[in-house]
Amino acid sequence: MKDRIQNHAVIASALLFFVVTILVGVWLVHFNQRELETSLRASLELKEMRLQELADITDRNGADEIVTKIIADCSRRPEFESLLVRLSELNGKELLTLQNLEDACGGFYAERKALMVSKLEQEFQNYSETVKFLLLLTSHDSTSYRIADWNALVTLEQERSDLLTEQRVLQEEIITALMQGSLVQSARVQDLVHEAQEIAELLTVHDRQIDEKRDALKVP
């Protein structure tokens, strides 16, 4: 009888230890999960601030410190812009000067925009992946990080960047056509000008849409 009681006591103690171990384990898992959620939310807050910063810079066709060091504007920007606005009335010598300046100055804004959009896209991907990780732990705030809206903004900026690149290519083609002797009124030049005008109109639409998206995404 005494041995039986001792055996029951041992079994009871073992079961109690097992239950306590499970409870402690569950508590630790829950505690660690809460700590991880807190850490992820803090990280997402910083990432969203960075996204907003990049979105603002990209929208105004600016650049952050790193991109500024990579792509520098040409030293004869005022002369290039002055010739460009008088493109239809330039003589041969001025066209040659403009063509030379086009190589140095023409791609600056399109290239800088492309790099900034690339950084914005990369930051959004990091942000999106962190949100996905958080949602594995909780689904309480699945819509509060506005992934779809950020994705729409990044897509619009990518499209605007592509349009700026197309605009630059058309600009080069118009200058080349004039250098080769085509008149401003020629069908070839007029077709290129028409394409450039269509791109300018699309850029205006994108500018407005991006402003609306960016304003809606501003952190309160």
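**Pocket, cavity and core organisation of the predicted model**

The largest pocket has a volume of about 370 Å³. The structure is a predicted model, in which local features need pLDDT of at least 70 and side-chain atom pairs count only at pLDDT 80 or more, while totals for chains, interfaces and linings use all residues. Residues are numbered from 1 along each chain as its sequence is written, and side-chain values use heavy atoms, with hydrogens and water left out.

The lining of the largest pocket comprises 17 residues, of which Leu84, Gly106, Gln167, Arg168 and Gln171 are the closest to its centre. Pockets and cavities were located on a 1 Å grid over the protein atoms alone: a pocket is an open set of points with protein on both sides within 12 Å along at least five of seven lines, a cavity is a set of points where a 1.4 Å probe fits but cannot get out, and lining residues have an atom within 4 Å of a point. Grid points are joined across faces, edges and corners, and a volume is the space filled by probe spheres set on the points. At least two lining residues of this pocket are supplied by each of H3, H5, H6 and H7, with H6 giving the most, five residues. Helices are DSSP runs (H or I, at least four residues), numbered from the N terminus. By class, the pocket lining holds ten nonpolar, four polar and three charged residues; here Ala, Val, Leu, Ile, Met, Phe, Trp, Tyr, Cys and Pro count as nonpolar, Asp, Glu, Lys and Arg as charged, and the others, Gly among them, as polar.

One cavity of 30 Å³ or more is found in a search of the whole structure. The largest cavity holds about 30 Å³ of space and is lined by Thr58, Asn61, Gly62, Tyr109, Arg112 and Lys113. Helix H5 (residues 108-137) contributes the largest share of this lining, three residues. The lining of the largest cavity consists of one nonpolar, three polar and two charged residues. Asn61 lies in the loop between helix H1 (2-59) and helix H2 (65-70) and, although not a glycine, has a positive phi of about 60 degrees. Asn61 counts as partly exposed because its relative accessibility is 38%, the classes being buried under 20% relative accessible area, exposed over 50% and partly exposed in between (1.4 Å probe, protein chains only). A positive phi, about 50 degrees, is also found at Arg146, which is not a glycine. Arg146 is placed in the loop between H5 and H6 and is partly exposed, with a relative accessible area of 22%.

The largest nonpolar core has 22 residues, and those with the most contacts inside it are Phe80, Leu87, Leu90, Leu98, Ile174 and Leu178. Two or more residues of this core come from each of helix H3 (77-85), helix H4 (92-105), helix H6 (147-179) and H7, and H6 gives the most, seven residues. A nonpolar core is a set of buried Ala, Val, Leu, Ile, Met, Phe, Trp, Tyr and Cys residues joined through side-chain atoms within 4.5 Å. Leaving aside neighbours within four places in sequence, Leu87 is in contact (heavy atoms within 4.5 Å) with Leu95, Leu98, Ile174, Ile175 and Leu178. A second, separate core of 20 residues includes Ile57, Phe124, Trp150 and Leu156.

The 33 residues of H6 reach 48 Å from first C-alpha to last, close to the 48 Å expected at 1.5 Å a residue, where the expected span is 1.5 Å times one less than the number of residues. H6 is followed by Gly181, whose phi is positive, near 105 degrees. The end C-alpha atoms of H7 are 44 Å apart, in agreement with the 44 Å that its 30 residues should span at 1.5 Å a residue.

Buried positions in H7 are Val189, Leu192, Ile199, Leu203, His206, Ile210 and Arg214. His206, located in helix H7 (residues 187-216), has a relative accessible area of 10% and is therefore buried. Not counting residues up to four places away in sequence, His206 touches Leu156, Glu159, Arg160 and Leu163. The C-alpha atoms of His206 and Arg160 are separated by 6.5 Å, although the two residues are 46 residues apart along the chain.
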